[in-house]
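Thanks for coming. I will walk through one model today, starting with a sheet, then a helix, the cores and the salt bridges.

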Amino acid sequence: MDEIRLNKYLSERGVCSRREADRLAEAGKITVNGNKAFVGMKVLPTDEIIVDGKAVEHRQKKRVLLAVNKPKGIVCTTARFKGEKNIVDMIQYPIRVYPIGRLDKDSEGLILMTNDGEIVNVISRSRNNHEKEYVVTVNKPVTEKFLDEMRNGVKILDTVTKPCICKRTGAREFHIILTQGLNRQIRRMCEACGYRVEELKRIRIMNIQLGNIPLGHFRNVSETEQKQLEKLCNIGEEL
């Protein structure tokens, strides 16, 4: 029976992502056979592992993948902060799920949630260049000059953003497709070009569309969508 890294084992069992597992270990919230776990340790499937007071089941859970329409004001984290509502508490799903990536508190729209830590790791890797599409409303008329600046790369956060697709869809509205996920990227790009974002909604992640999911609600991602998502991510090769 081979040993496996604790964070990988927990992500495969649908407990949390690898990053979250490391965070919990550092916080002293994981024990292995009664002893406090540490980052980088290896475990056996027969070990007794307790995470945040709950014993880990040894059998692997069936993957859950949800498409959620996040409202403004909801934070995309499993942590709980005073005065804030997180996305896990908002959807109240009967088993533990967590968000794949993030969407700013002030933004709304599509975010994926799952109990499968491995798909989190694959999708979250920026090197995979996965497309994400947004609808953005700004504070003044959208011009071709502005769109060209956005398309060709904008200097923010000590780097230049990758070329992207931008299309005007209204007097003060445009669609943008990104293949990277810098912190508050769209807002920072607009600010660097002299604009201010007033509304920002994500409507697509790769092949998954927001569609008509009501604000604050979710739907299960279909098997067909999951298979296409796996193909786009080369999940069979990554795992």
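**The sheet**

Four strands make up an open sheet, ordered β3-β2-β5-β6, with antiparallel pairing. At its edges are β3 (35-36) and β6 (54-55), each of which pairs on one side only. Strands here are DSSP runs of E with at least two residues, helices are runs of H or I with at least four residues, and both are numbered from the N terminus. Two strands count as paired if DSSP finds at least two bridges between them. In general, strands of a sheet pair through backbone hydrogen bonds, either parallel or antiparallel.

A word on what we are looking at. This is a predicted model, in which local features need pLDDT of at least 70 and side-chain atom pairs count only at pLDDT 80 or more, while totals for chains, interfaces and linings use all residues. Residues are numbered from 1 along each chain as its sequence is written, and side-chain values use heavy atoms, with hydrogens and water left out.

Back to the sheet. Strand β2 (residues 30-32) pairs with strand β5 (residues 49-51) in the antiparallel sense, over three bridges. Ile-30 stands opposite Val-51 in β5.

**Helix α2**

Which residues of α2 are buried? In this helix, residues 18-26, they are Glu-20, Ala-21, Leu-24 and Ala-25. Buried means under 20% relative accessible area, exposed means over 50%, and partly exposed is in between, using a 1.4 Å probe and protein chains only. Seen down the axis of α2, the buried residues fall within an arc of 140 degrees, so they line one face of the helix. That arc is taken from the directions from the helix axis to the C-beta atoms. On the other side of α2, Arg-19 and Glu-26 are exposed.

The buried residues of α2 pack against α1 (6-12), β2 and β5, where contact means heavy atoms within 4.5 Å. After α2 comes Gly-28, with a positive phi near 75 degrees.

**The cores**

The largest nonpolar core has 37 residues. Such a core is a set of buried Ala, Val, Leu, Ile, Met, Phe, Trp, Tyr and Cys residues joined through side-chain atoms within 4.5 Å. Those with the most contacts inside it are Leu-6, Leu-10, Ile-30, Val-43, Ile-49, Val-51 and Leu-112. Helix α4 gives the most to this core, with four residues.

Take Val-51. Leaving aside neighbours within four places in sequence, Val-51 is in contact with Leu-10, Val-15, Leu-24, Lys-29, Ile-30 and Val-56.

**Salt bridges**

How many salt bridges does a search of the whole structure find? The search finds 16, a salt bridge being a side-chain nitrogen of Lys or Arg within 4 Å of a carboxyl oxygen of Asp or Glu.

One of them joins Asp-116 and Arg-63, at 3.0 Å, N to O. Asp-116 lies in the loop between β11 (108-114) and α4 (117-124), and Arg-63 in the loop between β6 and β7 (65-70), so the pair ties together parts 53 residues apart in sequence. Asp-116 is buried, at 14% relative accessible area, and Arg-63 is partly exposed, at 22%.

Another joins Glu-198 and Arg-172, at 2.9 Å, N to O. This pair links distant parts of the chain, 26 residues apart: Glu-198 is in strand β17 (residues 197-205), and Arg-172 is in the loop between β15 (165-170) and β16 (173-178). Finally, salt bridges that share partners join Arg-63, Asp-116 and Glu-230 into one network.
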